[in-house]
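Here's a quick briefing to read alongside the model. Have a look at the sequence and the fold, then go through the points by topic.

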Amino acid sequence: MKWQTPFDGKVIAREESCRICHAEKGRKIGTVDYWDIKTCSIVSCENCGHIQLDPMLNDEETSKGCFAYYVEEFSRTGTKEQLKNCERNFRRGVVFGYHLKNRHISPRFVLELGPGSGYFAAGLQFVFPAVEITVMDINTDVLEFNREHHGFQTIRGIPDNFISRYQNKFDLIIARDIIEHVTDISKVAENVSQYLMAGGLFHFITPNGREDIWKHYLTAKFENKPSELLINHVNYFDGKGLKKLLVQKGLSPVDYYTYTFKTTLRGYGWREKRTLMNPVSEKLKADDYIPGKTEELKSTEFRKAEILDKWYIRTKAKWLTYIYCLYHHFSIIKISPDRNIGHEIYGLFKKPSQTNQLQANGTT
Ligand SMILES: [Zn+2]
């Protein structure tokens, strides 16, 4: 049995340097077709361990592919599943909120990057009713939904672009399943650090890169052809490298671990088996997923009161809500992301409080 052997592939000159360490070379471990929009190499940095697309997608390509993916996913999952997902995310927000509460942390000003349905933040707000939530997204439909459905404040933008008026404005920033999508992860980490007040927290989850890339790697290995990339995962993180980057940008780990291992047991990240590989690309046409479907999407009715009308969600017995949510979303096994095993990385990082910063500068 092979256990985490290094990736096979030739060292090549990259079209764009590594976004983390600026290395000009890297190991080419695969090729993907992002819909019929762009073909990119998958390059693993020998220096910092970060795996990313080379060249990277630009904003226009990302936005077209994301929309096609949104429609494709909706046609696969349907309304019922979407409503269930809202409830699930609400429960996860409750669990996260109680974790903070147990540590005597009460956030006041929260920014969520890429909020989706907004239900994670709604769960957090259930635990901390006084919290003020702002969400950032590029998609105006997402912003409108979050504003009308939850009453959140909205910012139209992408995490890569710094908006100076939000500097030092938040004591908690959330990015769940977002950082694998961003073009420039170094810039995003820097911006998050800037938006946080002293002592503020950054919470994220993101796939373990080795496992996430595995299916594309196998297509290259067995077929030597591009595989299909429908969701714009453009970053595949190395556990050690990601932590190092965040520390460089002034954040220190509070909780950092990998959880959920079902996919690992199936072989992702280590087993070289054809059944695990991604299909060879047929260049699925993004345009086929854009017209027509949007009306159905828009007519889906999301009523918050109905979604949250569950026996266990009680504002007068929040302990009951918490126990039920914990029962559903507690991770028993936690492994250091340094090992690059498992499905999803959980991070909670902290910006030092002012006194620590002064000490670090040697001024006290
Ligand atoms: Zn690098």
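**Strands, helices and burial**

Strands S6 and S7 run parallel and are joined by four bridges. Strands here are DSSP runs of E with at least two residues, helices are runs of H or I with at least four, and both are numbered from the N terminus. Keep in mind that this is a predicted model: local features need pLDDT of at least 70, side-chain atom pairs count only at pLDDT 80 or more, and totals for chains, interfaces and linings use all residues. Residue numbers start from 1 along each chain as its sequence is written.

**From S6 to S7**

- Aspartate 137 has arginine 156 in S7 as its bridge partner.
- To get from S6 to S7 the chain goes through H3, making a right-handed β-α-β crossover. Right-handed means that, with the strands pointing away from the viewer, the path from the first strand over the helix to the second runs clockwise.

**The sheet**

- Seven strands make up an open sheet with mixed pairing, ordered S7-S6-S5-S8-S9-S13-S12. Two strands count as paired if DSSP finds at least two bridges between them.
- Strand S7 (153–156) and strand S12 (252–259) sit at the edges with a single partner strand each, so one side of each has no neighbour in the sheet.
- From one strand to the next, the twist averages 15°.
- Strand S5 (residues 109–113) and strand S8 (residues 170–176) run parallel, with three bridges joining them.
- Across from glutamate 112 you'll find isoleucine 174 in S8.
- Helix H3 (residues 140–150) packs on the sheet, where it touches strand S6 (132–137) and S7, and its direction makes about 170° with that of S7. Axes are lines fitted to C-alpha atoms, for helices over the stretch in contact, and angles between N-to-C directions run from 0 to 180 degrees.

**H1 against H10**

- Helix H1 (residues 59–102) and helix H10 (residues 318–329) have axes that come within 9 Å and cross at roughly 105°.
- That makes H1 roughly perpendicular to H10; the cut-offs are under 35 degrees for roughly parallel, over 145 for roughly antiparallel, 65 to 115 for roughly perpendicular, and oblique for the rest.
- On the H1 side, Arg91, Arg92, Val94, Val95 and Tyr98 meet Thr321, Tyr322, Cys325, Leu326, His328 and His329 in H10. Contact means that C-beta atoms, placed from the backbone, lie within 7 Å.

**Two buried residues**

- Aspartate 33, found in strand S2 (residues 25–34), is buried, with 20 other C-beta atoms within 10 Å. The burial scale, with C-beta atoms placed from the backbone, is 20 or more others within 10 Å for buried, 12 or fewer for exposed, and partly exposed in between.
- Not counting residues up to four places away in sequence, aspartate 33 touches Thr39, Pro226, Glu228, Leu229, Ser281 and Lys283.
- Asparagine 235, in strand S11 (residues 235–236), counts as buried with 26 C-beta neighbours inside 10 Å.
- Asparagine 235 and methionine 56 are 179 residues apart along the chain, and their C-alpha atoms are separated by 9.5 Å.
- Setting aside neighbours within four places in sequence, asparagine 235 contacts Gln52, Ile179, Glu180, Val182 and Ile185.

**Around H6**

- In helix H6 (residues 239–248), the buried residues are Gly239, Gly241, Leu242, Lys243, Leu245 and Leu246.
- Those buried residues of H6 pack against helix H4 (185–195), S12 and strand S13 (344–350).

Key: Contact = placed C-beta atoms within 7 Å.
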